[in-house]
Amino acid sequence: MANLETSLKECLSSIDGATAVALVDYTSGMALGTLGGGKDFNLEVAAAGNTDVVRSKLRTMEHLGLKDEIEDILITLSSQYHMIRLLKGRGGNGLFLYLVLDAGRANLAMARHQLRRIENELEV
Amino acid sequence: MTRVTTTWATHGTTSDALGALAAEGATGALSGERGIVYLSAGRVVHVESAFTPDLGALLTRSGAVPPDGWWDAVDRGGTQHRVGHRLVDSGRLAAGALEVCHLGALFDAAYFVLAHDTRARRFRPGAVHWLGPVRSVPVDVVVRESGRRRELLDRIWPDPAVDTLPLARVPGTDSDELPGRRGRTLAQVDGVRTAAEIASALACRTYHTLVELRRLAADGLVRAAPPAAPPLPPGPEPRAVAWDDPDTALLRRLRDALEAL
């Protein structure tokens, strides 16, 4: 069965256009695991920053009185997609997968579908 | 493999002692005032503290692993220090899920050990945790993350007593419109339980519970119960949740003590 390392590897190898991935705790902002990225894309910084995105959206939903849950958040740049997918897990484990995709090569619907499958292996 | 080392003892804080042990690539268990850090080849492989529910409590209370399954893995894998492997090999848990849960428990316990960063008490060279290898984290990452968490919590409400003392509701306050997790957390505050017991009851990570509790304290809804609490605290539903499983922290310490003989 897949461990954390192989799940992250699978994100990069099986999802077309994927260039970086991180598993992040959005209560603390800490990345539990990262893969890809490199010198020109600091994943630790991206993980911490996107934690603010998730928290801000959750807070907005609280203010609006929405009881629904976030499945994913998509941020579209001119050359990249950034996909944030919240892990469900019992008791709300407060984690999200953060995936960076090359917009020219990615298929968003497929990426979403594959991320959901990989996520299942990490959920408690 | 294991070299006997004493330089750790010259350091005045647990985090500095850990740094010295990491530099030597040490393997063993360093006891601080609030818990034990297990090292393997200079990296942190496990941390436990009586102030946080352990991995077993998190896994069984969340329903991820049935209690029988957990104890079966402890029975069969404990003496070979392979409990984690047993859980995965028996198909009860995906390896990734175990690693995520283990890292959560490790950083939760490390926060308590390192937030109260006094002189380390003892180092047992070669000591190995019965859970066995799951993931390892560099010492500096654990120390840095623990400090960051302390700052984040203090920014919400600078009272560390909330982390460890029994918690009580502030009488006469209105708590109707709280969002999901904060409301569920407040419902567990009964004048008796501590943050660790509330986290365990909710099967929620301790740090996440601490964030909610400090927010509740900042909102004036919760406070640390006075130390000389009356014998019958006025909690709304004391012991509303059935406490039917054994005290895993105590059993774990007993096992460690027996193994150390």
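## Exercises on a two-chain predicted model

Chain B splits into domain 1 (7-147 + 246-260) and domain 2 (155-224), with bounds that come from an automatic or database domain assignment. This is a predicted model: local features need pLDDT of at least 70, side-chain atom pairs count only at pLDDT 80 or more, and totals for chains, interfaces and linings use all residues. Residues are numbered from 1 along each chain as its sequence is written, while chains are lettered from A and ligands numbered from 1 in the order in which they are written.

**Exercise 1.** Work out how many residues each domain of chain B gives to the contact.

*Solution.* Start with the spacing: the C-alpha centres of the two domains of chain B lie 25 Å apart. Next, take residues as in contact if their C-beta atoms, placed from the backbone, lie within 7 Å. Domain 1 of chain B then gives 12 residues and domain 2 of chain B gives nine. On the domain 1 side, H5(B) gives the most, with five residues. Helices here are DSSP runs (H or I, at least four residues), as are strands (E, at least two), numbered from the N terminus.

**Exercise 2.** Find which residues of helix H3 (residues 67-77) of chain B are buried, and why they line one face.

*Solution.* First, the cut-offs: with C-beta atoms placed from the backbone, a residue is buried if 20 or more other C-beta atoms lie within 10 Å of its own, exposed if 12 or fewer, and partly exposed in between. Trp70(B), Ala73(B), Val74(B) and Gly77(B) are buried. Now look down the axis of H3(B): these buried residues fall within an arc of 100°, so they line one face of the helix. The arc is that of the directions from the helix axis to the C-beta atoms. On the other side of H3(B), Asp68(B) and Asp75(B) are exposed. Finally, the cover over the buried residues of H3(B) includes helix H2 (55-61) and helix H4 (83-89) of chain B.

**Exercise 3.** Repeat this for helix H1 (residues 4-14) of chain A.

*Solution.* The buried residues are Leu4(A), Ser7(A), Leu8(A) and Cys11(A). Seen down the axis of H1(A), they fall within an arc of 95°, so they too line one face. Their packing partners include strand S1 (18-25) of chain A and helix H5 (95-115) of chain B.

Technical notes. Two residues are in contact if their C-beta atoms, placed from the backbone, lie within 7 Å.
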